[in-house]
Amino acid sequence: MYFVRRFDLVSVDRLDHLENEFVAYQVENIPEDILRSDRADVSWYKIGRIFNPVTSQPKFALLAMVMLTILIIPHSNADTERIFSIVRKVQTEFRPNLSRKTLEAICVQKLKLLSVEKKCYEAVYNKSVLMKCKSATFTKLRM
């Protein structure tokens, strides 16, 4: 119930229904093929599709929805740490005065290349982009 209350997953008037589903789930004889699934989200999806033969309604729809919602909470902060690591590598002691906009552009480009599993030296740019870069560098050096 911690996550349900913490993240307001279920309205207050449905909490009793959720508790009833949880109690019923604990005594239910869930088929082994559902419990032995390699992935928890697949198991909970299938549990949410178990129907009551009398009412033809899902037995654990609310419970499955809560569990599937809990499963999307990240288990670590690795993605955030990866971003900080990239920023540290880009903004070195040799480049401490990069503007926020430039730093952001470099990081976006680096992440784009990482997503397609390319190294920076493997990137191919069209001629107009290269001319703009060369012009910007030349202008900056003349200042």
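This is a predicted model: local features need pLDDT of at least 70, side-chain atom pairs count only at pLDDT 80 or more; totals for chains, interfaces and linings use all residues.
1. Helices here are DSSP runs (H or I, at least four residues), numbered from the N terminus.

2. Valine 10, once its neighbours within four places in sequence are left aside, is in contact (heavy atoms within 4.5 Å) with Val4, Leu15, Leu18, Leu62, Met65 and Val66.

3. Serine 43 belongs to helix α4 and is buried, with a relative accessible area of 9%, where buried means under 20% relative accessible area with a 1.4 Å probe and protein chains only. Not counting residues up to four places away in sequence, serine 43 touches Ile34, Leu35 and Ser37.

4. Tryptophan 44 also lies in helix α4 and is buried, at a relative accessible area of 12%. Apart from neighbours within four places in sequence, its contacts are Tyr25, Leu63, Ala64, Met67, Leu68 and Leu71; tryptophan 44 and leucine 71 are 27 residues apart in sequence, with 9.7 Å from C-alpha to C-alpha.

5. Residues are numbered from 1 along each chain as its sequence is written, and side-chain values use heavy atoms, leaving out hydrogens and water. Local features need pLDDT of at least 70 and side-chain atom pairs count only at pLDDT 80 or more, whereas totals for chains, interfaces and linings use all residues.

Conventions. Helices (H or I, at least four residues) and strands (E, at least two) are DSSP runs, numbered from the N terminus. Buried means under 20% relative accessible area, exposed over 50%, partly exposed in between (1.4 Å probe, protein chains only).
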